Amino acid sequence: YFWKHSLSAALLAQDLAERGDYAQPDDAYLAGLLHDIGRLALLACAPHACQAHFFAADDAPLCDAEQQALNISHAEAGAWLMEHWGLAPALVEAVLHHHAAPDSVTTRHPLTRIVHLTHLLQEWAASGSTQAPDLDRSARFDSTTLLQVLASAELRVVQMAADLGLDISAATQAAPPPAAAPVRELA
């Protein structure tokens with residue numbers, strides 16, 4: 001599920017960047033792909049504390065739970081990691097703010113707005129709502145366009161998985177943690 005979600009975000013962000021005339025759609029793809037990399041970082045650093053969180057949906061309650069348990073959210077951890085890797089500040093900012101309140105990203109870097117919109121679109125899709133999404137505060141993308149972008153990304157992810165011989169049919173939502181997954185803390 002994690003990688004399906006991340007690849008879908010990459011394709012969504014790239015498509016939104018291209019449709020929005022953002023000059024670096026490859027950066028949008030990378031930011032979408034890595035927007036939740038902090039979840040893996042937290043799991044690697046504190047497996048017992050993060051195991052249940054890792055399997056939770058990527059939403060605001062997740063960030064709150066991470067903040068309470070670890071004093072850091074996956075968005076903050078991912079941004080720190082990407083900064084440590086020397087990635088561009090625009091990529092770092094996009095990852096850091098993908099869970100931010102919609103009004104707080106309207107004046108941020110275009111890449112941040114793209115990844116934020118990508119996150120909102122995925123959150124809307126996971127909600128199962130049948131009402132057309134009105135998620136873009138910049139009014140650059142109407143709900144029809146957002147639905148087209150979402151459908152295209154979903155088809156591309158399925159096709160990529162099929163090309164690789166992977167069955168992702170069960171990866172439709174965040175799964176509960178395994179019953180007795182043995183996990184060791186790093187020393």
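This is a predicted model: local features need pLDDT of at least 70, side-chain atom pairs count only at pLDDT 80 or more; totals for chains, interfaces and linings use all residues.
## A buried charge without a partner

A salt bridge, as the term is used here, is a side-chain nitrogen of Lys or Arg within 4 Å of a carboxyl oxygen of Asp or Glu. Asp36 is buried, and the nearest side chain of opposite charge, Arg39, is 4.2 Å away.

Setting aside neighbours within four places in sequence, Asp36 touches Phe2, His5, Asp58, His74 and His98.

## A histidine in helix H8

Now hop over to His119, which belongs to helix H8. Is His119 buried or exposed? His119 counts as buried because its relative accessibility is 4%, and the cut-off for buried is under 20%.

Again skipping neighbours within four places in sequence, His119 is in contact with Asp58, His98 and His99.

## Helix H7 and what covers it

Helix H7 spans residues 89–96, and its buried residues are Ala90, Leu91, Val92, Ala94 and Val95. What covers them? The cover includes H2, H6 and helix H8 (110–127).

## The second largest pocket

Next, a bit of open space: the second largest pocket has a volume of about 320 Å³. It is lined by 19 residues, and those closest to its centre are Pro110, Arg113, Ile114, Asp136 and Ser138. Which element gives the largest share of the lining? That's H8, with six residues.

## Two loop residues with positive phi

Asp21 isn't a glycine, yet its phi is positive, at about 60 degrees. You'll find Asp21 in the loop between helix H1 (2–19) and helix H2 (25–34). Asp21 has a relative accessible area of 65%, so it is exposed.

Asn71 is another residue other than glycine with a positive phi, this one near 65 degrees. Asn71 sits in the loop between helix H5 (60–70) and helix H6 (74–84). With 64% relative accessibility, Asn71 counts as exposed too, since the cut-off for exposed is over 50%.

Technical notes. Residues are numbered from 1 along each chain as its sequence is written. Side-chain values use heavy atoms; hydrogens and water are left out. Helices (H or I, at least four residues) and strands (E, at least two) are DSSP runs, numbered from the N terminus. Buried means under 20% relative accessible area, exposed over 50%, partly exposed in between (1.4 Å probe, protein chains only). Lys and Arg count as positive and Asp and Glu as negative; His and the chain ends are not counted. Contact means heavy atoms within 4.5 Å. On a 1 Å grid over the protein atoms alone, a cavity is a set of points where a 1.4 Å probe fits but cannot get out, and a pocket is an open set with protein on both sides within 12 Å along at least five of seven lines; lining residues have an atom within 4 Å of a point. Grid points are joined across faces, edges and corners, and a volume is the space filled by probe spheres set on the points.
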